[in-house]
Amino acid sequence: MGARILLIQGHPDCHRPHLCHALAQAYVDGAHAAGHEVEVVEPARMSFPLLTCPSEWWHGSPPPQLAAVQDAIQHADHLVFVYPLWMGDMPALMRGFMEHVTRPGVFMDDPQRSFGAGLLGGRSARLVVSMGMPAVIYRWGYGGYGVRMMRRQILGRAGIRPVRTTLIGRAHALSAERVAMWRDHLCRLGGSAA
């Protein structure tokens, strides 16, 4: 029996195809071909308010469509996040989405405790992040802080391990051959649910 995979397509523009869409589709195609079950969520196709105060996060309820995403996260074996790097981090829409779905009781029992229990142990994740700068400069020159925060502070604290990353630099300048190479790579990753 294949893995249950939840892929979150985090590009904020759902009206035109972008590299992130092609990469996500390649991952889905590879996963389906290998017999894995895949659900795709696109925050850009959803309507939800941004949280404006801590009490909303702690005590509020997410909109119904995001509550359904929380349920999908809890039932997945493997999570995949595909998004572009904007200003060193995920786009604002993706950040707002993550604030809703990571509420207490879903990712952690009590996020205020330094060593609160992560509630998503036994799951793995992959971050697929495209960017304008060379990936090596982002990783080593800037410390990859946005991706590192997602890996450690959000997914890691929830107990998700391992969290692997695929960084795709100079996305705006990729030739058709390089795009095809990345699509093939994501297809293979999807097939192995990694």
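## Packing of α1 and α7

Helix α1 (residues 19–33) packs against helix α7 (residues 176–192) at an angle of about 40°, their axes lying 6 Å apart. Helices here are DSSP runs of H or I with at least four residues, numbered from the N terminus. Axes are lines fitted to C-alpha atoms over the stretch in contact, and angles run from 0 to 180 degrees between N-to-C directions. α1 and α7 are therefore oblique to each other (under 35 degrees is roughly parallel, over 145 roughly antiparallel, 65 to 115 roughly perpendicular, the rest oblique).

The contact (heavy atoms within 4.5 Å) includes Leu19, Ala22 and Tyr27 of α1 and Val179, Trp182 and Arg183 of α7.

## Basis of the model

This is a predicted model, in which local features need pLDDT of at least 70 and side-chain atom pairs pLDDT 80 or more, while totals for chains, interfaces and linings use all residues. Residues are numbered from 1 along each chain as its sequence is written, and side-chain values use heavy atoms, without hydrogens and water.

## Pockets

The largest pocket is lined by 15 residues, with Trp57, Arg95, Glu99, Thr102 and Ile154 nearest its centre. A pocket is an open set of points on a 1 Å grid over the protein atoms alone, where a 1.4 Å probe fits, with protein on both sides within 12 Å along at least five of seven lines; lining residues have an atom within 4 Å of a point. α2 (54–59), α4 (92–101) and α6 (145–156) each supply at least two residues of this lining.

The second largest pocket has among its lining residues His11, His18, Trp86 and His172.
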